[in-house]
Amino acid sequence: AIVLSMGERALTAVWSTIASAELVGALARQPRIGAVVLDMQHGSHHTGSLSACLLEIAAAGKQSFVRTPVGRLDAVSHALDMGATGIIAPMINTAAEATALAAHAKYPPCGSRSWGPMLALPRSGLAPADFFAQANGRTFAIAMIETATALANTDAILATPGIDGILIGPMDLSASLSNGTVLDPESEPVQRAIDHVLARCVAHNKKSCIFAPTPAAAARHARAGFNVVALGTDVAHVAAGLGAALDLMAARST
């Protein structure tokens, strides 16, 4: 089933920045992880890494999302053709930009996505006609809210046909709301913005998603009712895990 929540609980995702199918598979096989985001914007994922990484995620029975580079609409349909569950598009600031995203993510009549699901079709197990009929409902187009302009246009973005939800980027939102003076995702203006976007997602019956840099933030967002909470990056988790192991080793060596 294609879901963006775990019943009454948020779907916990992890952000993958390292283009390694082995590492992506290890992340996807974590029992409490429901989705993996492959980052082509700030991470090292690229066209050549998507297929193997998406296959690992699918083999683990989890959802897969690809964050495309800013403005790269060609990467939207390509990632879906490779079998991604959904697209996360950064820096969507206006309804017009949201419309362009939906056009590349959805087949007619909702959009104008070109037919060519080279890996998505065989991996779906569906006949071509059934895949085409179901595709728009089986994939997600998620617009990122990361600027003051986007925040002001939240309702217009959510009302765009073909847009399935919003993912809040709290770091860039902090920079934008402070006019470049503060990088603090826990600041009061950012928290007010997060509450506002979540409420508007609920009002529009669209999916609410957010990146959480810390476990404490992730738990808070899950309690607030977000559908998807992305808990940190693979780099941060590897570093934290190694650090904890080294601390334990040191404690038992004395």
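At what angle do helix α9 and helix α10 pack? Select residues 170-177 for α9 and residues 188-204 for α10: in this predicted model the two helices pack at about 120°, with their axes 9 Å apart. Because of that angle, α9 counts as oblique to α10. Look at the handedness too: α9 passes α10 in a right-handed crossing. To see the contact itself, show side chains for P170, L173, S174 and L177 of α9, then P189, V190 and A193 of α10. Colour this contact of α9 with α10 by class and you will find six nonpolar residues, one polar and no charged ones.

Next comes another helix pair. Select residues 73-81, which form helix α3, and residues 95-105, which form helix α4. Here the axes come within 8 Å and cross at roughly 35°. The crossing of α3 past α4 is right-handed. On the α3 side, pick out L73, V76, S77 and L80; on the α4 side, the contact is made by A100, L101, H104 and A105. By class, the contact of α3 with α4 holds six nonpolar and two polar residues, and no charged ones.

For context, most residues other than glycine have a negative phi, and most peptide bonds are trans.

Now go to the loop between α4 and α5 (120-124), where P109 is found. Zoom in on the bond that joins P108 and P109: this peptide bond is cis, with omega about 10°.

How much volume does the largest pocket have? The value is about 500 Å³. To centre your view, select T12, P31, R32, I33 and L231, which are the closest to the pocket's centre among the 16 residues that line it. Then highlight strand β1 (residues 11-16), which gives the most to the lining of the largest pocket, with four residues. Colour the whole lining by class to finish: 10 residues are nonpolar, four are polar and two are charged.

Terms used:
Residues numbered from 1 in each chain as written. Predicted model: local features only at pLDDT ≥ 70, side-chain atom pairs only at ≥ 80, totals over all residues. Heavy atoms only, no water. Axes fitted to C-alpha atoms, helices over the stretch in contact; angles between N-to-C directions. Left-handed = near helix turned anticlockwise from the far one by under 90°. Contact = heavy atoms within 4.5 Å. Nonpolar A, V, L, I, M, F, W, Y, C, P; charged D, E, K, R; others polar. Parallel < 35°, antiparallel > 145°, perpendicular 65-115°, else oblique. 1 Å grid on protein atoms, 1.4 Å probe; cavity = no way out; pocket = protein on both sides within 12 Å on 5 of 7 lines; lining within 4 Å. Points joined across faces, edges and corners; volume = space filled by probe spheres on them.
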